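Dear colleague,

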Amino acid sequence: MNRIHLSKLSLALLAALPLAGQAAGVSDGVVKVGVLTDMTGAYSDLAGPGSVAAAQMAAEDFGGKVLGKPIVVISADHQNKPDVASNVARRWFDEEQVDVVADLVSSSTALAVMPVAAAKKRITLLSGPGSDPITGDRCTPYNVHYTYDTYSMAHGTGSAVVQQGGKSWFFITADYVFGRTLEEDTASVVRAAGGKVLGAVRAPFPTADFSSYLLQAQSSGAQIVGLANAGADTVNSIKQAHEFGLTPKQSLAGLLVFISDIHSLGLEAAQGLYLTTAFYWDRDDESRKWSQRFYARTKKMPTMVHAGVYSEVMHYLQAVKAAGTDDADAVMKKMRETPVNDFFAKNARIGPDGLLRHDMYLARVKAPKDSKKPWDYYQILKTIPPDQAFPPLSASKCPLVKK
Amino acid sequence: MTQALFGQLLVGLINGSFYALLSLGLAIIFGLLDVVNFAHGAQYMLGAYLAWMGLTWLGIGYWVALFAAPAAVGILGMAVERLLLRRLRGLDNLYGLLLTFGLALAVEGLFRQGFGISGNSYPVPAQLTGAKNLGFMVLPIYRAWVVVASLVVCFSSWLVIEKTRLGAYLRAGTENPRMLQAFGVNVPLMFTVTYGFGAALAAFAGVMAAPVYQVTPTMGSQVIIVVFAVVVIGGMGSILGAIVTGLGLGLLEGAAKFFWPEISGTVVFIAMALVLLLRPAGLFGRQR
C-alpha cells in the first residue's frame, strides 16, 4: 500500500514539475510563430508564401529549438480582410498556443490584430504593412514595426531625390487615403528640401490605363514624376510611362515599390526608376549569402518584407532565449534592450513606439545593359540613416512614448 | 488647354476601341445564345497569357500570337459551349451567368496559383515600338495600331453579321432558333461556333492588350465590369450598339479624365444609370 502511495505521490510531483517551470520557461511546451499574411491576393508576391519560408528559415537556423522546446511555424491566409485576420489571430491565441504573429501585410489587418494580441499579451511582429498610425496613435506595447513605414518611403525618396538634383515634381496619386497621405508627405518633404511641386492628378483606384495621367505629367514638364500608388497601379503606370516616352526625359520615383514589382515589369520598362528600400539582396556579402539561401528555397530573390520577417523572427527567438521565457513582457523588454545586428539591419533599436529605426537605401533601377546577372536590378545610390529615414520619437503620437 | 483636351480625347478613343472590341464578343454571344458570358474577362486574360507563354516558352512572336491565341481560346470556348453551356439551354439565363462566372473564378484562381499576382511583362513588338510627337501629344505607335486593328475587326464583324448569308442565319437564330432549325440549319453547331467566335474576340483583345497593360491573372476581372456597362448601355445583344457605345464611352471617360479625374472611374456607371432610366433597353436595343 505504502509503496503504491509513494509512487502516486512521486507521479504527482513529476506532473507538477513542468507546471512549476512554466512561469519562467516556455508556456505550453512550444514556441509557436504564426505567419499571418496574404497568400493569394494582391500582396502575395511581396509577402505571402515568401514570408512563411523566411520564418521557417529563421526557426531552422535557430536550431529548431529554444530553451529546449521546439519552435513551430504555422501560417494562414488573411485575404487582406481585417475581420478574417482578427478571427484567425483570436483562434491562434485561444486554441493553438501561438506566441507571436509575424508579417501582417496590409495595414488594415495589422491594425485589427494588434489590439487583440495586446489584450492577450502576445507579440505582433509587422513586416509587410506601412501605415503610420501603427506606431502612432494606435501603437501597442506588444508590437514591433520592423521593415518600413510610409514616412520612410516618402522621406527617403522625397529628400534623397531632391538632393540628387530632381527639383521639380508632379504626382500621379491613387485616389484613396493611402495614396493621398503618401502624396502629401512626399510633397512636404520635397518642398522642405528645396524642391517644387508643379501639380498632381488623382487617378481612381484601381486604374489599368494611365495614359491620360501620364500625358498630364508629361506636359507639366516636371523632372520627377512621383507615383503615389502601389501594386498593379504602380506597375501599369511605370510600363505605360515607358510606352509614352516619358522616361528617360523625365524620371519616375516610386513611393512604394518592391523588387517583385521590378522583376515582373522587367528592366526595359523600369529602368531609371528611383525608389527607397529597406533591403536589397545584392548590397553586401551578408545580404547576398542569406538571399541566395532564400532563392534556393523559393526560386525568387527576397523582397524587403521577406528579409524583415526572417530578421524579426530571429530577433524574437534570441530574445526568448536571453529572457529564459516566452512571457511577452519579458521578451519585449529583451527585444528593446538588444540592438538588431544582422544582414538586415546594423545597430538598429526598437523604440518605445514599437518602430525599428534602421538604415534605408535610395536605389535606382539599372538599365538592361548594366544588369550583369539575374535579379541584378538596383544600384544603391545612398544610405539613408535612421534619423532621416524614420520619424523622430519627439514627434510621435504614440501614447506609450514618454516626453 | 484645347490641345491637352484633344490629347485626352484621342487617348479616350484608344480605350474606347478596346471597350468596343471586348463588348462586341459579349454582345454577339448574348444576342444569339442568350448567355451573359461572365467568362469573357477570363478569356481576355487567357489570350494575353497565351501570347506571353508563346513568347517566353516557345519564342512565338506577337504576330503569330495575334492569330494563334484567339484560335486556341476559341476552340476552348467551343468545348465549354458544347460540354457545359448547352446543358443549360432552356433554363433561366441566370444559370449561364453563374456557370460562366464560376468558370472565370476558377481560371483566375489557377493562374494566380501558377503565375503569382504581380503578373508578367509583354514587350511591344519591335515593328511598333516608339512614339510619335503629334504636337499636342505623344502618341505611342502601338496605340495607333490598337485603334486601327480594333476598328477593322469590329466593322468587319458587323459587316459579316449584317450583310452576309451567314450573318442572316445568325440574326434569324437570335429571333427564332426553332424556326431556323426547321429550315434545315444546324442551329446547335451555329451556337457552338458563335460562342467560340465570341471567346476568340476576347482573346484577340487580350493579345492586343498584352504589350500595353501588365499581363496579370486579374486583368480580366478588372475590365469586365466596364465592358458589361458598355453592353448594357448599347443595348444587350446589339452589335452596332456595342461598337458605338464602346467608342463613345471611351471618349466620355477621356473627357472626364481631363476635367475631373477623380470621377473618371465612375462616369461610365453614371451614364449607365441614366440610360437605364430613360431607355431601359439601351441606346440601340429593342424591347423584348
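The notes below take up the contact between the chains, then some backbone details, and finally a pair of helices.

Please bear in mind throughout that this is a predicted model.

The contact between the two chains draws 33 residues from chain A and 31 residues from chain B. On the side of chain A that touches chain B, two or more residues come from each of strand 8, helix 7, helix 8, helix 9 (259-265) and helix 10 (267-270) of chain A, and helix 8 of chain A gives the most, with 6 residues. Sorted by class, that side of chain A has 12 nonpolar, 13 polar and 8 charged residues.

Just after helix 8 of chain A, G245(A) takes a positive phi of about 70°.

Q97(A), in the loop between helix 3 (82-95) and strand 4 (100-103) of chain A, has a positive phi near 55° although it is a residue other than glycine; with 16 C-beta neighbours inside 10 Å, Q97(A) counts as partly exposed. K299(A), in the loop between helix 11 (285-298) and helix 12 (304-323) of chain A, is likewise a residue other than glycine with a positive phi, here near 65°, and since K299(A) has 7 C-beta neighbours inside 10 Å, K299(A) counts as exposed.

In chain B, the axes of helix 2 (residues 40-58) and helix 3 (residues 62-83) come within 9 Å and cross at roughly 135°, which makes helix 2 of chain B oblique to helix 3 of chain B. The crossing of these two helices of chain B is right-handed. Among the residues that make the contact are L46(B), G47(B) and L50(B) of helix 2 of chain B, together with A65(B), A69(B) and V73(B) of helix 3 of chain B. By class, the residues of this contact divide into 11 nonpolar, 4 polar and no charged.

With best wishes

Conventions:
Residues numbered from 1 in each chain as written. Chains lettered and ligands numbered in written order. Predicted model: local features only at pLDDT ≥ 70, side-chain atom pairs only at ≥ 80, totals over all residues. Helix = DSSP H or I, 4+ residues; strand = E, 2+ residues; numbered from the N terminus. Buried ≥ 20, exposed ≤ 12 C-beta atoms within 10 Å, placed from the backbone. Contact = placed C-beta atoms within 7 Å. Nonpolar A, V, L, I, M, F, W, Y, C, P; charged D, E, K, R; others polar. Axes fitted to C-alpha atoms, helices over the stretch in contact; angles between N-to-C directions. Parallel < 35°, antiparallel > 145°, perpendicular 65-115°, else oblique. Left-handed = near helix turned anticlockwise from the far one by under 90°.
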